[in-house]
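Okay, thanks for having me. Let me put the model up, and then I'll walk you through a couple of spots.

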Amino acid sequence: MSARPPYPRTRRVRAALAASSAALLLAATGCSFGEPEPDPAGEPPTFPTPSASASAGGAGQQVVATVLAKGLRVPWAIGFLPDGGALVTERDSGRILKVGPESGPDGLRVTVAHTITDVAAAGEGGLLGIAVSPSYQRDRTLFVYYTTERDNRIVRLQLDGEPTPILTGIPKAGVHNGGGLGFGPDGQLYASTGDAGDRPRAQDPKSLGGKILRITRDGKPAPGNPFPGSPVWSLGHRNVQGFAWDAGKRMYAVEFGQDTWDEINEIVKGRNYGWPQVEGRSDDKRFVNPLTQWATGDASCSGLAAVERLLVTGCLRGKRLWVVELTDTGTVLGQPRELLTNKYGRLRAVAAAPDGSVWVTTSNHDGRGDPTPEDDRILRLVFADGGAGRS
């Protein structure tokens, strides 16, 4: 595993642009980069040459894509550490990799930080989501979602110790294992699960399958959950992997459909998202309609990040990013834009880095892609003209 030379240190992102200005940015053609501002150390950063700049219909939002690491195998999730590095799970190997911040002759250093020995990787199952404790500098604690021979489960661990299960019995199968994991703005731990190929589970409030869960650090149902004594936060999901929160603390999740529609939904406490009764938008008032939807061939998206006004999701079958701009109230502004289409193959994890950039992993070794000698890779994305990741 190796990496290109490390990226320059960057300042945090500016306050979000006004909606009208952001709309002009997304619609404009021929975007250019502004004069870079000095790095905190006094050295001016330099932008790499944009590697992709086109979106559907000829719109011109530009993105700089830099390869940070290569030679990985099915990197599934990214969790950032206080030191500026990141922990990355590999689905099939059971390894947790440390990426940076140290660098070597070839750039960012990639090392094996831990291996979880009871991971049973098969089909879409394996070592999946990772969440770094908000108090990591003090407790050195991680939370990981993975598949065993018996179930999907969430464990707590430190890198030099053995995992402690905190929530077990999440349904597993060769497909639809969910796997997303992350701490919300409320300090509680959220997890996304799939229906594991058994559709009725998604509508059964007593099943952990086909849900978004909200638990404490000990794996107990979090205070304020909508169903007493239950970790279930929302239901009616086919297979959610990625989720994120915007600056207004609204939660969004990307969902795999079956044959027709993939979705991004705003996730609201106790609401039902319709699977298997509906896929995509419907007139059934019992169910929440998605914010936006795409044909499965153009999407099949896994990871999701929220940066400024943008939701950025990485798509496997669609081999692209979809970028959705939000209004101040969390609705969609304009039309979603596609970026990096067919540039790097299947895209999976998407994570907002502390410096305001977006990290994305490829997934070309997952049995459904066409890997190149450099795959799988971690990309760092910077959007042009003051958007996400402006250096």
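**A buried asparagine and some rings**

Let's start with the side chain of asparagine 364, which makes a polar contact with the side chain of aspartate 375 at 3.0 Å. By polar contact I mean N or O atoms within 3.5 Å, one able to donate a hydrogen and the other to accept it, with residues adjacent in sequence counting only if both atoms are side-chain atoms. A polar atom of that asparagine 364 side chain also lies 3.0 Å from the backbone oxygen of tyrosine 344.

Quick caveats: this is a predicted model, where local features need pLDDT of at least 70, side-chain atom pairs need 80 or more, and totals for chains, interfaces and linings use all residues. Numbering runs from 1 along each chain as its sequence is written, and side-chain values use heavy atoms, with hydrogens and water left out.

So where does asparagine 364 sit? In the loop between strand S23 (358-362) and strand S24 (378-383); strands are DSSP runs of E, at least two residues, numbered from the N terminus. Asparagine 364 counts as buried because its relative accessibility is 3%, buried being under 20% relative accessible area with a 1.4 Å probe, protein chains only.

Now the rings. Tyr190, Trp233, Phe243 and Trp245 form one aromatic cluster; rings of Phe, Tyr and Trp (its six-membered ring) pair if their centres lie within 6.5 Å, with planes under 30 degrees apart stacked, over 60 edge-to-face and the rest tilted. Tyrosine 190 is buried, at 4%. Its ring and that of tryptophan 245 are edge-to-face, centres 5.0 Å apart and planes at 70°.

Technical notes. Helices (H or I, at least four residues) and strands (E, at least two) are DSSP runs, numbered from the N terminus. Buried means under 20% relative accessible area, exposed over 50%, partly exposed in between (1.4 Å probe, protein chains only).
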